[in-house]
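Hi,

Here's the structure I promised to pass on.

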Amino acid sequence: MSKVLTETFLTALVAGGLLAGVPLLLAALGESISERAGVLNIGLEGMMLLGGYVGFSGALYSGFTWVGFAAGIGAGMFVAVFMAVLCVRLGLDQIVVGIALTLAAEGLTSLLHGAILTERPRLGAVELVTIPGLSGIPVLGRSVFSQHLVVYLTLGLVIFTWWLFRSTNAGLNLRAAGDKPSALDAAGVSVVATRTWAVLATGALGGLGGAYLAIVGAGTFEPFMTNGAGFIAIVIAMLARARPFWVVVGALLIGMSLQLQTALQVASIDVPIDVVNMLPFLAVIVVLLLFGRRAYLPAALGLPYVRGSR
Amino acid sequence: MTESDGSTQPMTTTRAPTREAGDAAVLLLGITKAFPGVVANDDITLALLRGEVHCLLGENGAGKSTLMNVLSGMLRPDAGRIVVDGREVEIDSPRRALELGIGMVYQHSTLIPTLTVLENLMLGAGGGLRLDVRGARARLAELAGTLGVEIDPDAVTGTLALGQQQQVEIVKALWRGSSVLILDEPTSMLTPQGVAELAKVLGGLKQHGLAVAFITHKLHEAAEMGDRVSILKQGRLVGELGPDDLRGRSHEQLQAEIVRLMFGEEAKEVADVAELEERVEGHEPRRGRGEAPLLELIHVSAAGDRGQVGIHDISLSLLPGEIMGIAGVDGNGQRELAEAIGGQRPLTAGEVRFEGRTISTLGVSRRERLGLRYVTDDRLGEGTVGSMSVALNLVLKRIGEPPFWRRGVTQRRSIEATARELVERFDVRTPGVDARVATLSGGNIQKVMLARELAFEPRAVIYSKPTYGLDVRTIKAVRARIREQAEQGVSAIVISTDLEELVDLCDRIAVLSRGRLAGVVESGPGVAQRVGELMVGQAA
């Protein structure tokens, strides 16, 4: 064991965990918002994927990473608009629409990728923000405190979302829309508007997560590159009962198990790659077995709201 | 995030006292509203006056709730005008109604059980992004004072007693300075003591100059609570009794008058209905059946669902042909008890015996074969399959059995013949046996369930709130059916929150409180009083 737990290994593990965990964190945070509002957003995977493709293209053609992130957010929201119109406004089945959106985004990005990006371009290394002083700490220093600005922004968003749920009107409206939309309607707040904003926020965060994955994580775009991250994020949001700080814990744990293989390679330990690739999914199944029964789901999750029907 | 309206109401004043009592706060002129196949409101004109409780009385489906939903913005009328404070207005959403000072307390709770009282009240309050917790506390204290009650702002709403939840609902309806309050069947979930408390609250609101609309289908309630009573029948306003009409007459005269307005001149029915509405004071228990008990519960315990009380250490025995009532405030273990006896809920301790043999481990269908039946109150949930025909619902518990199924093949003709016979015998009003159950009225769905449970040789039947939400005629039919079965030796357990119903029907009444047996009272003079005492005695 002593050979495994070297500083190099741990640094690689934590840094990799953050790298893989931040897209999950963004997406799961977004999912918590729409879940609180009663919309089960299965289209999250599609939002991430389109966000990744558009974000990468934006960064590539403009030459600015920030343009890429903004484009990713826009793309995620673009997918979310379909979700909002079809499921929230028209009351169609959220699961069917979500799956359709994910499949559509997978097809669309693969097509565009094959048609336009013929030569597999890569982005250069992104600029990291190193926090003076703190970055000198062993293991954590070079992993946690030397990251892209988006990572720090994400942590800020976690705190903001926690505050939003806890002590704002908007947060109360979100919870009401998920637990008992008829009560929110009776209180004179539009359920459709509340849920639409929630879904758009999810799209923005999912798109940003996808863009981070492509721009910072991989430096390129590949078809199907999200590889189920959107679905894992849904599981994280459910297990965390849509509480932002637990979302952080879940996303980082899963992120680390995703990166275990890289870290093992860095530490030159030979484990079959297929075994390591299974780890995140095994982790999800184990966690579901242990805590699944306690997963809190809002009473009206997945149900379209139609005024006058109960 | 969603709060776009900047015009927030001042949080401190109630608008009402600016006008004289007796002014019309709301005028409804010629309101008409049709749903597919039925005209729910047909040209109704009505005024709600300040400082007055205006009862809207009528059977289920008479259009009371529709009319008030039009006023509260949940429904839009097909025709007609609404005048509030002398100005003609369009009410296109509940929000608009609130802005106009019209608050509604719905029959079904609109509180969110997972939020605290304060959070529920702040919902939709507007006023910037941050929640104004301090302002809300002050407002709650003020309104609780108006109502004359005490409310804990930080209690999680789902843990409060129903009477308290209703007070929170009233506070919520008045939160933004409403001067008109609509109450939809507010007494349906309350204990007699809760009803008395509500009457006190209404008195306070009247003094503050509010106009209160009180929807009910109970005659005596309208006569006691109302300053003015409007009677609706099949979507039309058929009569109105003003304060002068109400004051000068005795209770009996009033009821006779209201019954005449409700049912026209059908003399016999009038007499029957009036009898039904009379205050019952208990009858001699029909004893002398010194046989062995048919059904026994011996120290029975069962766990409740999450957040619900279970049942603890309940021992009861039921003689053949006896009707046993289960009284108690809703949510004190009634459903758990019924399910434990019916076989839908596993026991954690104790034993259920049927004819002396234990049936604790038998499943639902085995108990059904023995003649043990459960008529649930969840009529469209576990009671029937709404999207299936009346005929199939009538044989729902006989699936796969001859003569309705042979070698796995449905015998349509046999099912329909049986269904037609049952529909006839139990007086189910349906277009045909192939009509979908969901299209029937609540009363007819109840009759379908009764037909199913009572058709194939029942021995003991558990009725859960058998008349809840039904109109007077159906109530009468259902109660007659329960009595008739008892005469034939079929035992009954009747679970009800309507104490008068239990007193009227039962030989003995057991009182449940927080999942425990608070006591058993024999029928006879003063039984309602004693049951009421047991209900509050331990119900905190």
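**Notes on a helix and a contact**

In chain B, the buried residues of helix 6 pack against strand 3 (52–57), helix 5 (162–174), strand 7 (180–184), strand 8 (211–216) and helix 7 (219–225). Before going on: this is a predicted model, where local features need pLDDT of at least 70 and side-chain atom pairs count only at pLDDT 80 or more, while totals for chains, interfaces and linings use all residues. Residues are numbered from 1 along each chain as its sequence is written, and chains are lettered from A and ligands numbered from 1 in the order in which they are written.

Helices (H or I, at least four residues) and strands (E, at least two) are DSSP runs, numbered from the N terminus. Buried means 20 or more other C-beta atoms within 10 Å of a residue's own, exposed means 12 or fewer, with partly exposed in between and C-beta atoms placed from the backbone.

So which residues of helix 6 of chain B are buried? They are Gly194(B), Leu198(B), Leu202(B) and Leu205(B). Those four sit on the same side of helix 6 of chain B, because they cover an arc of only 85° around the axis (taken from the directions from the helix axis to the C-beta atoms). On the other side of that helix, Ala196(B), Lys200(B), Gly203(B) and Gln207(B) are exposed. After helix 6 of chain B comes Gly209(B), with a positive phi near 80°.

As for the two chains, 24 residues from chain A and 21 residues from chain B make the contact (C-beta atoms, placed from the backbone, within 7 Å). Helix 7 of chain A gives the largest share of chain A's side, seven residues.

Cheers
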